[in-house]
Amino acid sequence: MDTTQLVKGVLDLAVLAVVADQDGYGYEVVRRLRAAGLEDVGDASVYGTLRRLYSAGALTSYVVPSDEGPHRKYYGINAQGRHTLEQQGKTWASFSQTMHGLLETAGVKA
Amino acid sequence: MTNLTSTTAVADYVRAVRTALGDLPAEEVEDLTLGMEADLVEIEAEGGGDLASRLGTPESYAAELRSAAGLPAPAAQRSWWVRQRVEWGERWSRSQTRWPWLEQLRPVWWVLRGLVATLAVTALFGLGILGPAILLALFFAAVSFALGVRSAALPSWARGLVAAGNVLAAVLALPLLLWGLGRVAHVPSYGPEPAPYAQQGLAMDGNPVTNVYVYDADGKRLSNVRLFDQGGRSLNANQQWEYLTDANGTELPRARGPLDSQGQQWSNVFPFPYAQGKGPWDVPPPEAGLESWSPPMTLAPLVLSDAAKADPNAVPSASPSSSPTAATSSTSGPTASSPTSPTAAPSTTATTPSASTTSGSTSP
């Protein structure tokens with residue numbers, strides 16, 4: 001099964017999770033996701049998600065100027081973002097548990 | 001990390017993505033792609049193929065970005081205006097990459113378009129090119145500069161207006177500048193324009209004749225000779241109005257001709273004193289800076305043919321002044337009061353007149 005489709009459904013949650021502890025710029029967020037195992041995540045999808053979460057008020061954003069190169073745009077989580085993370089995290093956890101049980105019943109080892 | 005080749009490839013990629021997003025509001029595009037360049041430089045520095053093989057085509061990248069950000073897909077049929085905006089924006093950013101100094105020239109353009117606006121207003125309302133136009137130029141240049149500095153912060157309708165103004169200014173710049181230069185070349189001088197210039201008074205081959213020294217056939221000096229042209233008009237000395245100074249630096253008033261007993265001035269009576277108070281045969285000092293010739297007391301006599309000698313007797317009736325031969329002494333000539341004249345033949349008294357004219361012209 002193509003994980004790309006799965007990732008799409010949980011990308012918001014994944015992105016909120018990797019900026020929960022530390023602010024990050026776009027590619028840094030991509031790297032954290034990949035390091036966590038979401039290797040199929042698309043760069044542009046992450047950027048788009050960051051942008052959408054920011055528009056929804058879940059993230060803050062600031063630009064760090066650079067003397068020698070182009071500026072970087074950092075994203076950080078805010079109170080609303082943490083709340084979203086918590087809610088969606090719970091939803092995901094229960095969903096995941098449900099799937100786990102379902103598969104266990106079917107005799108599939110996760 | 002920021003070597004030149006990588007940034008060129010990165011700039012190309014970012015530009016292509018921006019173009020693909022071109023139908024979105026400019027702020028949105030800016031927001032979406034800010035920081036992208038730095039990230040792409042980093043990706044490229046990791047190695048492993050060019051950007052397109054890592055990220056896909058800029059178009060697919062833009063499409064993914066768009067859908068993940070929850071933005072509308074590009075309108076199938078973009079309006080002509082949007083296409084123009086996208087195309088010109090791309091052209092501008094391409095030329096910026098190629099000629100980075102273009103960016104630095106932008107303020108020059110801002111000022112220039114202000115001046116073009118001034119010229120346009122001047123041309124439309126017929127203001128003088130000087131005076132109010134200079135203030136207007138300063139004002140327009142300042143406004144245009146401010147618009148340029150804040151162009152990114154302007155609402156999109158205002159940016160559209162500025163863009164239209166830019167096109168208009170670019171088209172009109174050359175003709176208006178040429179027109180303006182033409183106007184400047186013809187700035188009306190203050191005060192009444194002199195009539196098409198013609199020299200006042202006598203001229204010879206186009207050069208002013210400020211004096212005429214007269215000798216008779218015997219080579220003797222004649223003073224107070226009255227000259228007329230073929231139409232009976234006075235041949236007046238060429239009036240020179242510049243000031244004269246003598247060796248001591250004192251100003252010498254220019255002579256305007258000898259006065260007659262009624263106080264009338266005669267500028268067709270020669271020789272003509274170069275300044276008031278000077279005798280007709282006086283030579284201006286070199287400090288006066290005038291062209292001057294020192295007329296000799298006498299010339300070698302001219303031996304005339306008999307026919308020529310006969311002429312003077314035949315002429316009198318044709319001459320405008322009834323008796324030219326006696327002119328110096330008769331009628332109301334400037335030196336009518338001269339006591340030395342009664343010897344009606346001027347040629348014979350050539351040595352004395354200089355004294356008599358001096359008194360004639362200085363006494364008033």
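A polar contact is a pair of N or O atoms within 3.5 Å; within protein, one atom must be able to donate a hydrogen and the other to accept it, and residues adjacent in sequence count only if both atoms are side-chain atoms. The model is predicted, so that local features need pLDDT of at least 70 and side-chain atom pairs count only at pLDDT 80 or more, whereas totals for chains, interfaces and linings use all residues. Residues are numbered from 1 along each chain as its sequence is written, chains are lettered from A and ligands numbered from 1 in the order in which they are written, and side-chain values use heavy atoms, with hydrogens and water left out.

**Stop 1: the interface**

Select chain A and chain B together. The rule for polar contacts finds 12 residue pairs across their interface, both residues being at pLDDT 80 or more. On the side of chain B that touches chain A, helix H2 (26–33), helix H3 (36–45), helix H4 (51–55) and helix H5 (58–68) of chain B each supply at least two residues. Helices (H or I, at least four residues) and strands (E, at least two) are DSSP runs, numbered from the N terminus. H3(B) gives the largest share of that side, five residues. By class, the side of chain B that touches chain A holds 10 nonpolar, three polar and eight charged residues. Here Ala, Val, Leu, Ile, Met, Phe, Trp, Tyr, Cys and Pro count as nonpolar, Asp, Glu, Lys and Arg as charged, and the others, Gly among them, as polar.

The contact (heavy atoms within 4.5 Å) takes 21 residues from chain B and 21 residues from chain A. About 1,800 Å² is buried between the two chains, and carbon and sulfur atoms give 53% of this area. Buried area is the accessible area (1.4 Å probe) that two parts lose on being put together, summed over both.

**Stop 2: salt bridges between the chains**

A salt bridge is a side-chain nitrogen of Lys or Arg within 4 Å of a carboxyl oxygen of Asp or Glu. Six salt bridges are found across the interface of chain B and chain A. Select B:Asp39 and A:Arg72, whose side chains form a salt bridge of 2.8 Å, N to O.

Next, select A:Arg51 and B:Asp31, where the salt bridge is 2.1 Å, N to O. A:Arg51 lies in helix H3 of chain A and B:Asp31 in helix H2 of chain B, so this pair joins two chains. A:Arg51 is buried at 10% relative accessible area, while B:Asp31 is partly exposed at 25%. Buried means under 20% relative accessible area, exposed over 50%, and partly exposed in between (1.4 Å probe, protein chains only).

**Stop 3: the sheet of chain A**

Chain A has four helices and three strands, in the order α-β-α-α-β-β-α from the N terminus on. The three strands form an open antiparallel sheet in the order S1-S3-S2. S1 and S2 of chain A stand at the edges with a single partner strand each, so one side of each is left without a neighbour in the sheet. Two strands pair if DSSP finds at least two bridges between them.

Select strand S3 (residues 72–77) of chain A: six of its six residues are buried. Strand S2 (residues 59–64) of chain A is joined to S3(A) by six bridges; A:Val64 has A:Arg72 as its bridge partner, and A:Leu59 stands opposite A:Ile77. Strand S1 (residues 24–25) of chain A pairs with S3(A) over two bridges, with A:Tyr25 opposite A:Tyr74.

**Stop 4: helix H2 of chain A**

Show chain B again and select residues 26–35 of chain A. Seven of the 10 residues of this helix, H2(A), are buried, so it is largely enclosed by the rest of the structure. The buried residues of H2(A) pack against helix H1 (3–19), S1, helix H3 (43–55) and S3 of chain A, together with H3 and H4 of chain B.

**Stop 5: backbone features in chain B**

Most residues other than glycine have a negative phi, and most peptide bonds are trans. Which residue has a positive phi although it is not a glycine? Select B:Asn224, with a phi of about 55°; B:Asn224 is buried, at 5% relative accessible area. Finally, select B:Phe270 and B:Pro271, which are joined by a cis peptide bond with omega about -5°.
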